[in-house]
Amino acid sequence: MTQRAAPRAPAQAVKSGTPWDHGFNGADWSGVDGDGNPWQCLSGTRQSPISIPEPTTTVFGTAQIPASFRTNWTYPTLVSNGSNIEVEWLSPFTSSVLITAANTSGATITSVLDLPADAPSQRVTAEPLQFHFHALSEHTIDGRYYPLELHIVHRVTDLPACAAVGGCFTVTGVVFELVDAPDNQLLEPILDFAPTREGTINVVPANVNIELNSFIPAPSQRTYVTYPGSLTTPPCSEGLLWHVFTEPQTISVNQWARFRNLTSFKDCVNATGSPAGHRHAASRRMLGLTETEGSVAGPARQRSTLVCGLLGVLCASPPPPPPVSSPPPPPLANSFVCTPKAFGYNYRNVQPTNGRTVKLATA
């Protein structure tokens with residue numbers, strides 16, 4: 001297998017520059033990226049997330065996407081090959097996400113929002129790069145926060161205006177509601193193999209499936225809101241096309257507790273019983289985390305971040321234990337026992353719409 005660097009997700013794009021965290025839910029995000037360019041978080045006028053109105057035709061009126069302009073989602077099953085470098089598709093990627101774009105010179109990825117139904121248009125492919133979660137949800141729907149929001153990040157390069165800048169990005173959001181019911185089996189491969197300590201990178205065992213397409217509502221329920229926005233973490237770059245489904249997935253009470261334990265602030269010790277003071281700087285950079293993110297009160301307190309990437313490094317399980325008859329191997333440097341101490345959140349406050357176009361697509 002050819003080993004290559006995993007593509008970086010826009011939502012985790014900061015490799016250096018001003019440190020930041022979610023302590024004030026984005027209200028204090030003033031800084032620069034690794035090249036010294038100012039963030040747009042506090043100066044931008046088309047920032048994400050937003051507060052989505054009640055998703056009804058009565059509320060949106062004529063601000064609706066024509067049926068011919070609707071986005072089509074089709075994802076193959078994500079199958080792990082067990083690699084410790086990257087996770088690859090084992091079946092042909094015959095279809096991905098097709099979005100409508102304006103068929104005019106200089107059209108951007110968000111131009112479709114202002115197109116009349118009879119305007120020239122074209123279909124372009126949005127390549128899925130990775131997915132990750134925010135808790136609480138970043139978008140609100142009819143004033144309601146949800147416990148969890150999934151973001152699937154895509155890149156578009158076959159639109160001339162996008163190719164000129166190395167690609168445009170579009171993000172699909174799926175919210176999850178908390179239910180007192182059996183576990184959502186779609187989440188199990190992710191929760192089962194997620195690392196417990198920040199900076200620790202594991203891999204999904206071979207042949208484990210993640211049914212990404214099943215996270216998307218069925219065609220008969222695909223009502224979504226679309227608008228021009230930004231990354232929801234620094235540098236908060238604008239020009240993204242957002243789609244947010246209004247029909248929620250579910251997460252059980254049991255799974256919500258597991259997720260919060262995984263992403264909590266925690267005290268960790270390694271297998272020898274000594275404090276887990278090493279910060280795994282290289283691994284943190286691979287995940288796009290700042291050097292201070294997740295620190296509570298010194299190096300022994302760590303926060304685990306759940307980040308899962310298509311074609312990138314995935315959360316995964318440690319190797320299986322040796323047979324009982326064999327002597328145990330020496331503990332690994334990144335083998336930790338972590339005890340949750342406090343539960344944090346990684347969502348940004350909703351942002352003003354500032355008169356931008358927000359449209360509804362009904363099932």
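Student: Which residues is L150 in contact with, leaving aside its neighbours within four places in sequence?
Tutor: L150 is in contact with F131, H132, F133, T172, G173, V174, F176 and F215, where contact means heavy atoms within 4.5 Å. Please note that this is a predicted model, in which local features need pLDDT of at least 70 and side-chain atom pairs count only at pLDDT 80 or more, while totals for chains, interfaces and linings use all residues. Residues are numbered from 1 along each chain as its sequence is written, and side-chain values use heavy atoms, with hydrogens and water left out.

Student: Which residues of the largest nonpolar core touch the most other members?
Tutor: They are F131, F133, L148, L150, V156, F176 and F215, in a core of 46 residues. A nonpolar core is a set of buried Ala, Val, Leu, Ile, Met, Phe, Trp, Tyr and Cys residues joined through side-chain atoms within 4.5 Å. Buried means under 20% relative accessible area, exposed over 50%, and partly exposed in between (1.4 Å probe, protein chains only).

Student: And which elements give two or more residues to this core?
Tutor: They are β4 (97-102), β5 (121-134), β7 (148-156), β8 (168-179), α3 (188-192), β11 and α4 (253-262). Helices (H or I, at least four residues) and strands (E, at least two) are DSSP runs, numbered from the N terminus. Apart from this core lies another, of 16 residues, among them I52, V171, V225 and L240.

Student: Changing topic: how many disulfides are found in the whole structure?
Tutor: The search finds two, a disulfide being a pair of cysteine sulfur atoms within 2.5 Å. One joins C41 to C236, with 2.1 Å from S to S. This pair links distant parts of the chain, 195 residues apart: C41 is in the segment before β1 (51-52), and C236 is in the loop between β10 (224-230) and β11 (238-245).

Student: Is C236 buried or exposed?
Tutor: C236 is buried, at 0% relative accessible area, and C41 is buried too, at 3%.

Student: What about the other disulfide?
Tutor: It joins C162 to C168, at 2.2 Å from S to S. This link is left-handed, with -105 degrees about the S-S bond, whereas the link of C41 and C236 is right-handed, with 85 degrees.

Student: What does the side chain of R348 reach?
Tutor: It reaches the backbone oxygen of C41 at 2.9 Å. R348 itself is placed in the loop between β16 (336-342) and β17 (359-361).

Terms used:
Polar contact = N/O pair within 3.5 Å; in protein donor to acceptor, adjacent residues only side chain to side chain.
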